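Dear colleague,

I am handing over the structure below, together with a short account of what was found in it. Please read the account with the coordinates open beside you.

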Amino acid sequence: MPQSSLHPQSLTCEMTWTSNWFQRLLKFHQEGRERERENDQQIYIADRSPYSAVFYAHHGHLLGPVIDEQINELRKIGIHIVTVHIKVQAELLWERIQSRLHLHPERRLYNEHKKEWMEEVQQWYNGYSWDVTLDNDTDSLPDLLHRTVDVLREKYFSIGFKVPVLRPPSPVYDRSEEGRIISPTKA
């Protein structure tokens, strides 16, 4: 998201981020179809759902019905979005947030230094209706990725996929990034 005088969690900034999320997905889908005309089934994993904007944006409740309809439109052209919530025990999550704040103190802008804010965020995420919820109190990120793909394969996909060896993820997710999207290769 380009720098502006608006707060990064304003409705306008979060709506722009959400629109860009869908635009990237459409681009990946089109590129995949061009590369593999015979079989265009692919899995993309994004580390942030467009539904997070419903919570984070000021007046974000306005985005929920729009996101729902965008997902319905994509389903009609063969793009199926499955939301996965990674649930973490509160104290462990707080430790992880504190470690990230130590490396990136600018994240205070998002209230990440306030445990009450973490609890409010966690309550919203734990109460939202996700397609899949996984616990992650112990897994490394590569192990969690493999477990997530296994659950998705078992629950949603009848075709086989394998996950490629991934570069180690950065220890911090910066919301200004384009987002890390991983395309597992076919088995």
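In helix α1, the residues Leu11, Glu14, Met15, Thr18, Phe22, Leu25 and Leu26 make contact with Leu63, Ile67, Gln70, Ile71 and Leu74 of helix α3. Please bear in mind throughout that the model is a predicted one.

As to the geometry of that pair, α1 covers residues 11-35 and α3 covers residues 63-76, and the two helices pack at an angle of about 10 degrees with their axes 12 Å apart. Since angles under 35 degrees count as roughly parallel, α1 and α3 are therefore roughly parallel to each other.

A second pair is formed by helix α4, residues 90-103, and helix α5, residues 115-127, whose axes come within 11 Å and cross at roughly 125 degrees. That angle makes α4 oblique to α5, and the crossing of these two helices is right-handed. On the side of α4 the residues involved are Ala90, Glu91, Leu93, Trp94 and Ile97, which meet Lys115, Met118 and Gln122 on the side of α5. The residues of the contact between α4 and α5 divide into five nonpolar, one polar and two charged.

Is Ser10 buried or exposed? Its relative accessibility is 10%, and because buried means under 20%, Ser10 counts as buried. A polar atom of the Ser10 side chain lies 3.1 Å from the backbone nitrogen of Cys13. When residues up to four places away in sequence are left out of the count, Ser10 touches Ala57 and His58.

Turning to the chain as a whole, its secondary structure comes to six helices and six strands, and read along the sequence these elements follow the pattern α-β-α-α-β-α-α-β-α-β-β-β. The protein chain has 187 residues, of which 34% count as buried. Among the contacts in the chain with a separation of 6 or more, 66% are accounted for by residues 24 or more positions apart.

With kind regards

Conventions: Residues numbered from 1 in each chain as written. Predicted model: local features only at pLDDT ≥ 70, side-chain atom pairs only at ≥ 80, totals over all residues. Heavy atoms only, no water. Axes fitted to C-alpha atoms, helices over the stretch in contact; angles between N-to-C directions. Helix = DSSP H or I, 4+ residues; strand = E, 2+ residues; numbered from the N terminus. Parallel < 35°, antiparallel > 145°, perpendicular 65-115°, else oblique. Contact = heavy atoms within 4.5 Å. Left-handed = near helix turned anticlockwise from the far one by under 90°. Nonpolar A, V, L, I, M, F, W, Y, C, P; charged D, E, K, R; others polar. Buried < 20%, exposed > 50% of the residue type's maximum accessible area, 1.4 Å probe, protein only. Polar contact = N/O pair within 3.5 Å; in protein donor to acceptor, adjacent residues only side chain to side chain.
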